[in-house]
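Dear colleague,

Please find below the structure that I am passing on to you. My notes on what was found in it follow.

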Amino acid sequence: QDDAAECATRTVEAWRARADAIAADAEALRGDCDALEDTVEVVEGQLAAAAARWEHETQRQVALRKDAARTEAASDQARLDRAHSLSSVTKEMLKHFRAVEASK
C-alpha cells in the first residue's frame with residue numbers, strides 16, 4: 001500500500017511538473033503572440049502610410065499628365081497658328097513678287 005501511495009504521489013508530481021511546463025510554454029507563446037500583434041500593428045500602420053503616399057503620388061502623376069497634355073495641345077495649336085501665318089505671309093509675298101515681276 002505504501003508503494004502504491006508513493007507511486008501515485010510520483011505520478012501526481014510528474015503530472016504537476018508537466019502541467020507547469022505546459023503553462024510556461026503557453027505563457028511564452030502568449031508573449032510571442034503579443035509581440036506579433038504589436039509587429040502587425042506597426043506593419044499595418046506602415047502599409048497604410050505607404051498606400052496613402054502611393055495614392056497621393058498617383059493623383060500627382062495624373063495631374064501632371066493632364067497638364068502635359070494641355071501644354072502639348074497648346075503647343076500643337078501654336079505650331080498650327082504659326083504655320084498658317086507663315087503660309088499667309090508666303091502667299092502675300094508671292095503675290096507681291098509676281099506683281100513686281102509683272103510690272104517690269
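**Salt bridges**

Lys-104 and Glu-101 form a salt bridge, with 3.8 Å between the closest N and O atoms. A salt bridge here is a side-chain nitrogen of Lys or Arg within 4 Å of a carboxyl oxygen of Asp or Glu. Both Lys-104 and Glu-101 are exposed. Exposed means over 50% relative accessible area, buried means under 20%, and partly exposed lies in between (1.4 Å probe, protein chains only).

Please note that this is a predicted model, in which local features need pLDDT of at least 70 and side-chain atom pairs count only at pLDDT 80 or more, while totals for chains, interfaces and linings use all residues. Residues are numbered from 1 along each chain as its sequence is written, and side-chain values use heavy atoms, with hydrogens and water left out.

Side chains of opposite charge can pair when their charged atoms come close. In the whole structure, a search finds eight salt bridges. One of them joins the side chains of Glu-57 and Arg-60, at 2.7 Å from N to O. Glu-57 and Arg-60 are separated by about one helical turn because they are three residues apart in helix H1. Helices (H or I, at least four residues) and strands (E, at least two) are DSSP runs, numbered from the N terminus. Glu-57 counts as partly exposed because its relative accessibility is 29%; Arg-60, at 41%, also counts as partly exposed.

A further salt bridge links Arg-70 with Asp-67, whose closest N and O atoms are 3.8 Å apart. Both residues lie in helix H1, three residues apart, about one turn of the helix. Arg-70 has 52% relative accessibility and therefore counts as exposed, whereas Asp-67, at 39%, counts as partly exposed.

**The chain as a whole**

What secondary structure does the chain contain? There are one helix and zero strands. The chain is more spread out than a compact globule, because its radius of gyration is 44 Å, well over the 13 Å that the globule rule gives for 104 residues. The radius of gyration is taken over C-alpha atoms, and the globule rule is 2.2 Å times the number of residues to the power 0.38. Along its principal axes, the C-alpha trace spans about 150 × 15 × 10 Å.

Two pairs of residues illustrate distances along the chain. Gly-31 and Val-12 are 19 residues apart in sequence, and their C-alpha atoms are 28 Å apart in space. Trp-15 and Lys-91 are 76 residues apart along the chain, with 110 Å between their C-alpha atoms. Trp-15 has its place in helix H1 and counts as exposed because its relative accessibility is 58%. Gly-31 is also found in helix H1; at 36% relative accessibility, Gly-31 counts as partly exposed.

**Surface and charge**

How much of the chain is buried? Buried residues make up 0% of the 104 residues. The chain exposes about 9300 Å², of which carbon and sulfur atoms supply 60%. Accessible areas come from the Shrake-Rupley method with a 1.4 Å probe, and for residues only the protein chains shown count as cover.

A nonpolar surface patch of about 280 Å² is made by Val-89, Met-93 and Phe-97. Patches consist of residues with over 30% relative accessible area and no salt bridge; like charges are joined within 9 Å, and nonpolar side chains (Val, Leu, Ile, Met, Phe, Trp, Tyr) within 5 Å. Met-93 lies in helix H1, which covers residues 2-103, and counts as partly exposed because its relative accessibility is 40%.

Which residues form the negative surface patch? They are Asp-32, Asp-34, Glu-37, Asp-38, Glu-41 and Glu-44. Asp-32 is found in helix H1 and is partly exposed, with a relative accessible area of 48%.

Finally, the chain has 15 positive and 21 negative side chains, and the centres of the two sets lie 25 Å apart. Lys and Arg count as positive and Asp and Glu as negative, while His and the chain ends are not counted. The place of a charge is taken as NZ of Lys, CZ of Arg, CG of Asp or CD of Glu.

Yours sincerely
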